[in-house]
Amino acid sequence: MKPGLSLRMSQHLALTPQLQQSIRLLQLSTLELTQEVEQMLDENPFLERTDEEAPQEAFGLDQADSHVSLGDRVSESASESSHDDGPSEVTGEAVSDVAESWDGDGSIEMRPDDSEWGGEAGSRQNKGDDTADAVELARSMGSLTEFLHRQALSLRLSEIDRAALRFLIESLNDDGYLTDTLPELAASLAGSEDDEQLDELVHRFTVALGLLQSLEPVGVGARDLAECLRIQIKALLQDDPDNATMQAALKVCGQPMELLAKRDFKRLAGLTGESEALIKAAIPFIARLEPKPGRPFVQAEQNIIVPDVIVTNLRKTGAPKFRIQLNPDVMPKLRVHDIYANALRGGKGESHAGLQQRLQEARWFIKNIQQRFDTILRVSSAIVERQKNFLVQGELAMRPLVLREIADELGMHESTISRVTTAKYMSTPQGTFELKYFFGSGLGTDSGNAASSTAVRALIKQLVAAENPAKPLSDNQISEMLKEQGIDCARRTVAKYREALKIAPANLRKTL
C-alpha cells in the first residue's frame, strides 16, 4: 500500500475557556455564585471587592490598566442584542443600560436597578430595635443537641446516667425523634454477646429516656408521632387536668394513627369510650400540636430564598405597569485591583506572562458575571410580558408557556433558557417563585385555546377546598367537572396533579 497525502476540510465548534466559564456561571444558583466569587477572590490577586459605586466605563480586554467593574455598562439597544447568535446568546449585554416600556393591556418597565452596577445595595430589613433578624435568631438558638446538652447540665445525675443521657441526645435526628430502639442502641455500644451488659445498658437508657422526654422542647425523644403527641398532651394536662378535650385527645393518640388520618370519628369514639362530639373537638386540638419538636432548631439559612429579580406594580389602580429589576443584594460588587493592574502596564517578557493571564481571568470573570445578570433580566422580562395576567389575578390566569417560546424571542438556545430558569427566583406581587414555575404545558379546551397546567392545578385545589367533607370528589368526578368548564383533563392527569398538590385521595379525605 503506497503512502499518500490528502486534504480534508471540517468544521467544528470549540468552546473557549471564557465561554465555558460564562455558561457555568449562568447555571449557578445565588448561593453557589457567592461561593464561586469568594473562591475567585482568594485565588486571583487582581480581583477585589468594592463598596463604592462603580464608574461607567466601556469594557475592553485590550485595556491593560483600565478600572473595570460590574458598574460598566454597554450602550447597544436591546433590539440589537436580541439578534445575537452563536455563543454570544448567553451575554445579554444590551440590557445593562436599557429602560423599555410596553403599552397596551399592561406596561412593563425593565431596569437592571436604580443604582449603578456594583453600587451599595440598600438594606430591606426593618431597622427597629424590637425586630430581630430570623437568621440571627435561629443561629442564637444553636442546634437541638446543644440546647438539650445545656439543659442536661442542670440535672443532678451520676456519671453513668449523664453519659447515657448524652448518648441519647446525640442519637436524635433533626426532628427530635429517637429512631433507633433502646436495645439497638445498647447493642451498638456493647455488641450482642454479653446479655447482662446489654440488659444493664437498656435499663440505663430507659431511665435516660424518661429524663430526655422531660426536657424542652416538649415531645423531644419520642420514638414515633403518636408518642410525641402524647408527651405534649400530658404536659398540657398538668396545667389543666380536668380538660375533657385534652383527655379525649390523649386517648385518641393511643389508637392507630391511621384512624386519626382518616378522621374515622365513629371507630375512635368506640375505641376510646368517648362521645363522637368530643372526638370531633379533640381532632383540631391535636392538629395544633407540634409533630416535629426539632423543627425550630433547623438552620434557617436552608429555607431562605433570595430572589434574583424583583417585580413590582407601579400603578395601584388602572392598567398595571410592572417594573422588573435585578435584586441588588445578590449582585457581587467586584473590580480589578488598580494598583496591581497599573504595575503590569507596559510589562514585557515571560516573567509577566503568568500575571497577565491572571489579570485577563479577573476581567473575564467580572464580564461573565455581568452577562449572567443581564441574561437573567432579559429572560425575566420576557416571562413577565407573557404572564402579566398571573401577576394580577393569580394562578388561575397562568397561561401555557414553553422554553422554546422565550428562546425564539430572545435569539437564544433552549438550553440557555433552561440554565437561566433553574434555581433563579423572582419576587412578584403574587409571591416568590422559581423562574421555571412560569413554564407549563397546555391542556386543550373547547374554545381551541390551551389552559396552563398550573391554572388547572389551581382549579383542582379550589374544587377540593369547596367539596363536601362527607362526600369528597373522586378523580373521575373532578375530571368531569373540568370538562364541563371546557378543559379536557383525563382522570389520570387529575390524579397526577392532585398528588403534586399533596392532596389525599377521596377515601382519605372523607369525614366519617
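Reader: What makes β4 (residues 309-313) and β5 (residues 321-326) a strand pair, and in which sense do they run?

Author: Strands here are DSSP runs of E with at least two residues, while helices are runs of H or I with at least four, both numbered from the N terminus. Two strands pair if DSSP finds at least two bridges between them; 5 bridges join β4 to β5, which run antiparallel, and the partner of I310 in β5 is Q325. This is a predicted model, in which local features need pLDDT of at least 70, side-chain atom pairs count only at pLDDT 80 or more, and totals for chains, interfaces and linings use all residues. Residues are numbered from 1 along each chain as its sequence is written, and side-chain values use heavy atoms, with hydrogens and water left out.

Reader: How do you know that β4 also pairs with β7 (residues 425-428)?

Author: The pairing of β4 with β7 is parallel and rests on 2 bridges, which meets the requirement of at least two; in β7, S427 stands opposite I310.

Reader: Why is α15 said to be largely enclosed by the rest of the structure?

Author: Buried means under 20% relative accessible area, exposed over 50% and partly exposed in between, with a 1.4 Å probe and protein chains only. Of the 34 residues of α15, 24 are buried, so the helix is largely enclosed.

Reader: How do you know that the span of α15 agrees with its number of residues?

Author: The expected span is 1.5 Å times one less than the number of residues. For the 34 residues of α15 this should give 50 Å, and the end C-alpha atoms are 49 Å apart, which agrees.
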